[in-house]
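Hi there,

Here is the structure I promised to pass on. Please have a look at it first, and then read my notes below.

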Amino acid sequence: MILKNKGQIGSRFLIYLIGLLVMSLGIVLLITADLGATPWDVLHVGLYYQLGLTIGSWSIIVGIFILAAAALISKELPQVGAFLNMVLIGLFIDAYLLLPFMQTPDGLAGKLAMFGFGIVVYCYGMGLYISAQLGAGPRDSLMIALTAKTGWKVRNVRALMEIAVLTVGWQLGGPVFWGTIVLSLAVGPIVGAALPQCQALTDRFLAKLREKDIYANQMLKEKDRGAS
């Protein structure tokens, strides 16, 4: 992705934060629907079942190991955005799970509705945080490092990573169900559609802020000239 949005760090961080909040809500909706989670969340939930702590804590702990592996492979320090992504998503997941109304629906229809809504929220949250262009998360950082190291195609590296993670998570008792397969097939196309929409929205928002800043500066200059 070409970085078009340079500067405006505060505004871009706000978009980044909102994107992570939305994506974390999607993750929790998918877990709570109990129809199958993403491969990485299968691992996080499995670790929670076996070792305690919280799902968000395991998301952060696993993220630390992933960033360390990515740094060793690429021989580069991770970007600040990767650390923020790791910590904030873990905190947001735990915060959402504490909400009293975040409960698994009793009937299949309710579970399907929560699952479907969760997929859309997850994908658009991902598109929104990526559109801020403040760096990839831990999992994507490892994928990029492995792709550069092996020369394999991105989709092959991603597939192998997710199969390995899913296998370990399943052995730990994580929530593997038919929804996990649906997620593997659906997330890519939905994110592919969501990302350009989110990028266009972010670009328009940042452009309007730039116009306001320019107008405010012009008014200030005119005021200064009038005073002098």
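The chain has eight helices and zero strands; helices (H or I, at least four residues) and strands (E, at least two) are DSSP runs, numbered from the N terminus. In sequence order the pattern reads α-α-α-α-α-α-α-α. Please keep in mind that this is a predicted model, in which local features need pLDDT of at least 70 and side-chain atom pairs count only at pLDDT 80 or more, while totals for chains, interfaces and linings use all residues. Residues are numbered from 1 along each chain as its sequence is written, and side-chain values use heavy atoms, with hydrogens and water left out.

As for overall dimensions, the C-alpha trace spans about 75 × 45 × 30 Å along its principal axes. Of the 228 residues, 41% count as buried (buried is under 20% relative accessible area, exposed over 50%, partly exposed in between, with a 1.4 Å probe and protein chains only).

Now to the helix pair I looked at. Helix α1 (residues 9–33) packs with helix α5 (residues 108–131) at an angle of about 155°, their axes being 7 Å apart. Axes here are lines fitted to C-alpha atoms, for helices over the stretch in contact, and angles run from 0 to 180 degrees between N-to-C directions.

The largest nonpolar core has 36 residues, and Leu 20, Met 23, Phe 115 and Tyr 122 touch the most other members. Such a core is a set of buried Ala, Val, Leu, Ile, Met, Phe, Trp, Tyr and Cys residues joined through side-chain atoms within 4.5 Å. Two or more residues each come from α1, α2 (39–51), α4 (80–97), α5 and α8 (178–227), and α1 gives the most, with ten.

Ser 131, in helix α5, is buried at a relative accessible area of 0%. Its side chain makes a polar contact of 2.7 Å with that of Thr 202 (a pair of N or O atoms within 3.5 Å; within protein, one must be able to donate a hydrogen and the other to accept it, and residues adjacent in sequence count only if both atoms are side-chain atoms). Leu 97, in helix α4, is partly exposed at 29% relative accessibility.

Best wishes
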